[in-house]
Amino acid sequence: MNPQSEPAETYRGSNSHIIVIIVLAVLLVAALGFGGWSYSKMSDYKNNSDKKAAAAVAAANKQLTAQLQAQFAEQSKSPNKTFKGSANYGSITFKYPKTWSAYVDSTDGSEPINAYFNPGEVPGVQSQSAYALRVELVNDDYSQVIQQMNSNIGAGSLTAKAYLPPSLKGVTNVTPGVYYSGQINQQNDSQRGYMLVIKVRDKTLEISTQSQEYQADFDGTVLKTLSFAP
C-alpha cells in the first residue's frame, strides 16, 4: 500500500464535497428567489384582485354600452321615411332615416327641388352647416355641372367615378351619373362628403351628404333606393 496515495484521494473527495455544497447553495438561493417572486405576485393579485376585477367589469360595461347605443341608433332609423318629388320633374323618390328631419325650400323657382335633411332639427339654410343630406334639382345643363365639378378634381381634393343607383339599373333612357368624394363644396371647407350628379330629363340632380359621418346612410339607404322616371 502506497502511503502517499491516501491524502490525494482525501483531497479529491473534499473538492467533490465542496462542489456539491456550492451547487446546492446556488439552487437554494434560486429557489428562495423564485419563491419570493411567486409570493410577491400572489400578494399583488390578492391585494388588488377586487380592484382589477372592478376595472375589468367597468371596461366591459363601457364597451357593451357603446355597442348597444350604436345598435339602438341604427334600429331607430327604421322604418325609413320616403321622399317623393313631383311627377312634373321626374317623380324623384328615395328613402332616408326616420330620425332625420326635412326642410324643402320652395321659394326659389329656379330650383324645382331644394331640400335639406339632418338628424333632429335642420339647421338654418344660412348657417353654412354640413347637412346629412342635400338634394337639389337644378335647371343647369348636366354637362355644364359635370364640367364645373371636374374642374376641382385636379386640385387633389376631389375624386370621381361613374355611378348608377341600383334601382335604376336596366331602366331605359337612364345613363350613369358621376359620384364625387371629398371637397364637394369648394367654398366651404367643412363640407367634405359625397355627391351624386345625374341627369334627370332636361335637368340635373345633385344629391349629396356634406359630412363623411353619414356616408353609410347616404350610400346604403338614400342612393340605394333613389329612382326617377326618365
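User: How much space lies in the largest pocket?

Analyst: The structure is a predicted model. The volume of the largest pocket was computed from it, and the value is about 650 Å³.

User: Which residues that line the largest pocket are the closest to its centre?

Analyst: The lining of this pocket consists of 23 residues. The closest to the centre are Glu136, Ile184, Asn185, Gln187 and Glu206.

User: What is the bridge partner of Glu136 in strand 9?

Analyst: Strand 5 (residues 133-138) and strand 9 run antiparallel and are joined by five bridges. Within strand 9, the partner of Glu136 is Glu206.

User: Which residue stands opposite Glu206 on the strand 8 side?

Analyst: Strand 8 (residues 192-200) pairs with strand 9 in the antiparallel sense over seven bridges. The two strands form a hairpin with two residues between them, and Arg201 in the turn has a positive phi of about 55°. Opposite Glu206 stands Val197.

User: Are the two faces of strand 9 covered or exposed?

Analyst: In a regular strand the side chains alternate between the two faces of the sheet. On one side of strand 9, Lys203, Leu205, Ile207 and Thr209 are buried, and on the other Thr204, Glu206 and Ser208 are buried. Both faces of strand 9 are therefore, with buried meaning under 20% relative accessible area, covered.

Notes. Residues numbered from 1 in each chain as written. Predicted model: local features only at pLDDT ≥ 70, side-chain atom pairs only at ≥ 80, totals over all residues. Heavy atoms only, no water. Buried < 20%, exposed > 50% of the residue type's maximum accessible area, 1.4 Å probe, protein only. Helix = DSSP H or I, 4+ residues; strand = E, 2+ residues; numbered from the N terminus. Pairing = 2+ DSSP bridges. 1 Å grid on protein atoms, 1.4 Å probe; cavity = no way out; pocket = protein on both sides within 12 Å on 5 of 7 lines; lining within 4 Å. Points joined across faces, edges and corners; volume = space filled by probe spheres on them.
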